[in-house]
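This briefing is for a reader new to the structure. Please look over the sequence and the model before reading the points.

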Amino acid sequence: MTSYEDEIGKGFELLAGGEYEKSLEYFLRAIELDSSRSDAYSLASEAYVEIGELEKARKHSEKAYSIDKEKPEFALQYASILMALGDMKNSLTIVNDVLKNHDMVEAHYIKSNIYQNMGEPKKALIEAETAYKMDKNPEYALNFCRILEEEGKIEESIKILKELARADPENLEALYMLFRDSLALNKVPDAFNYIMQCIDVDKEQPAFYSDLASLLDELDDEKLAEKYYEKAVEISGDDAEPLMDLAEFYLDREKYDLAIERIESAIALDDDEKEAYIIKGKVLESMDDFEKAAESFRKAQEIEEDEEAALHEAICLYKLGKHDLSEQIFSNLQEKEFQDEIVNSYLDRIWWRKNRKKFKI
């Protein structure tokens, strides 16, 4: 018969090797052997996080924390899971309790993310900077840079990211953030160099080719842009996103048949993608097929409420002469103060069509 330690040891090996579901079997057996010890609960929680079972992860993490509250790592694990589940208040309370006795870099890191989720960027920035100054680990550095970006401190972010890239030229996250930051500062040559470095490190990432294509499109190199949009599609497998990007590329060039072909392929891969139906609607609207366009915009809203899709649906209905239906949608958008100038313009036109007979013109 195996011991508690045997089960934990084997489970840990499997967890480290990425075999999360198998590792769980051993951790749960360890709990059956001795439910008074905290480490099996904590490791089981980690495995549950990896397979997306957050509620089960919370229960096991909470148990580990309740058994051994003196271990700050258990408290921080529990706080992280509560944060992921949206319980910011209790998560913050636990982290603050840890910081009363342990000035831990991980606690400041988690606290920065809690504040970010709470919509308090200035507090998030203070905690992220504290974590970064305590430990220049890339994870803490990247977290600090992300929050700097959100606060518009792009130059400061770039300085840190360049240090990360020099230390590790294959740090994709740093390189990609440098690409994004360079674009934000309109430093196109730098952005181009960074996205090419990203591709050199990982040639099988469709998003990099799509970003390169978008940049080439901005530079008016249509042929190369099309080539790299197609490359992104070629290597994307069952990812609908590159097909959507390519469909928009063709839409912008009024190549509607190609746009429809690509967006239909995207929908075939993922028929629950709101954005795909919005793009399809825009293509059909541009082709003056207002009936089918309105259907597509309506489908997008069935997946998720979307004001842009509602606006386009209303415009299509107006052009079909369905003024009562379009007025209802425009009035709803007016209450939400969405695209007021366009919405009010169409409401005025509908009013005129309903009332023009009253005026002797």
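The points below cover salt bridges, cysteines and surface patches.

The structure is a predicted model. The count of salt bridges comes to 27, while the number of disulfides is zero. A negative patch and a nonpolar patch are described at the end.

**Salt bridges**

- Side chains of opposite charge can pair when their charged atoms come close.
- Glu-129 and Lys-133 both belong to helix α8 (residues 121-134), and because they are four residues apart, about one helical turn separates them.
- Glu-129 is partly exposed, at 29% relative accessibility, whereas Lys-133 is exposed, at 59%.
- A salt bridge also joins Glu-222 to Lys-255, with 3.7 Å between the closest N and O atoms.
- This pair links distant parts of the chain, since Glu-222 is in helix α14 and Lys-255 is in the loop between α15 and α16 (256-269), 33 residues apart.
- Both partners count as partly exposed: Glu-222 has a relative accessibility of 33% and Lys-255 has one of 31%.
- Lys-354 and Glu-327 form another salt bridge, in which the closest N and O atoms are 2.4 Å apart.
- Here too the pair links distant parts of the chain: Lys-354 sits in helix α21 (residues 340-355) and Glu-327 in helix α20 (residues 323-335), 27 residues apart.
- Lys-354 is partly exposed, with a relative accessible area of 43%, and Glu-327 is partly exposed at 24%.
- Some salt bridges share partners, and in this way Asp-217, Glu-222, Arg-253 and Lys-255 are joined into one network.

**Cysteines**

- A disulfide is a covalent bond between the sulfur atoms of two cysteines.
- A disulfide needs the two sulfur atoms within 2.5 Å.
- Cys-145 is buried, at 0% relative accessibility.
- Cys-198 is likewise buried, at 0%.

**Negative surface patch**

- Which residues form the negative surface patch?
- Its members are Asp-238, Asp-239, Glu-241, Glu-248 and Asp-252.
- Asp-238 lies in the loop between α14 (222-235) and α15 (241-252).
- The relative accessible area of Asp-238 is 64%, which makes this residue exposed.

**Nonpolar surface patch**

- Trp-351, Trp-352, Phe-359 and Ile-361 make up a nonpolar patch on the surface.
- Together these four residues have about 490 Å² of accessible area.
- Where does Ile-361 lie?
- Ile-361 is found in the segment after α21.
- Is Ile-361 buried or exposed?
- With a relative accessibility of 90%, Ile-361 counts as exposed.

How values were computed: Residues are numbered from 1 along each chain as its sequence is written. This is a predicted model: local features need pLDDT of at least 70, side-chain atom pairs count only at pLDDT 80 or more; totals for chains, interfaces and linings use all residues. Side-chain values use heavy atoms; hydrogens and water are left out. Patches are made of residues with over 30% relative accessible area and no salt bridge: like charges are joined within 9 Å, nonpolar side chains (Val, Leu, Ile, Met, Phe, Trp, Tyr) within 5 Å. Accessible areas come from the Shrake-Rupley method with a 1.4 Å probe; for residues, only the protein chains shown count as cover. A salt bridge is a side-chain nitrogen of Lys or Arg within 4 Å of a carboxyl oxygen of Asp or Glu. Lys and Arg count as positive and Asp and Glu as negative; His and the chain ends are not counted. The place of a charge is taken as NZ of Lys, CZ of Arg, CG of Asp or CD of Glu. Helices (H or I, at least four residues) and strands (E, at least two) are DSSP runs, numbered from the N terminus. Buried means under 20% relative accessible area, exposed over 50%, partly exposed in between (1.4 Å probe, protein chains only).
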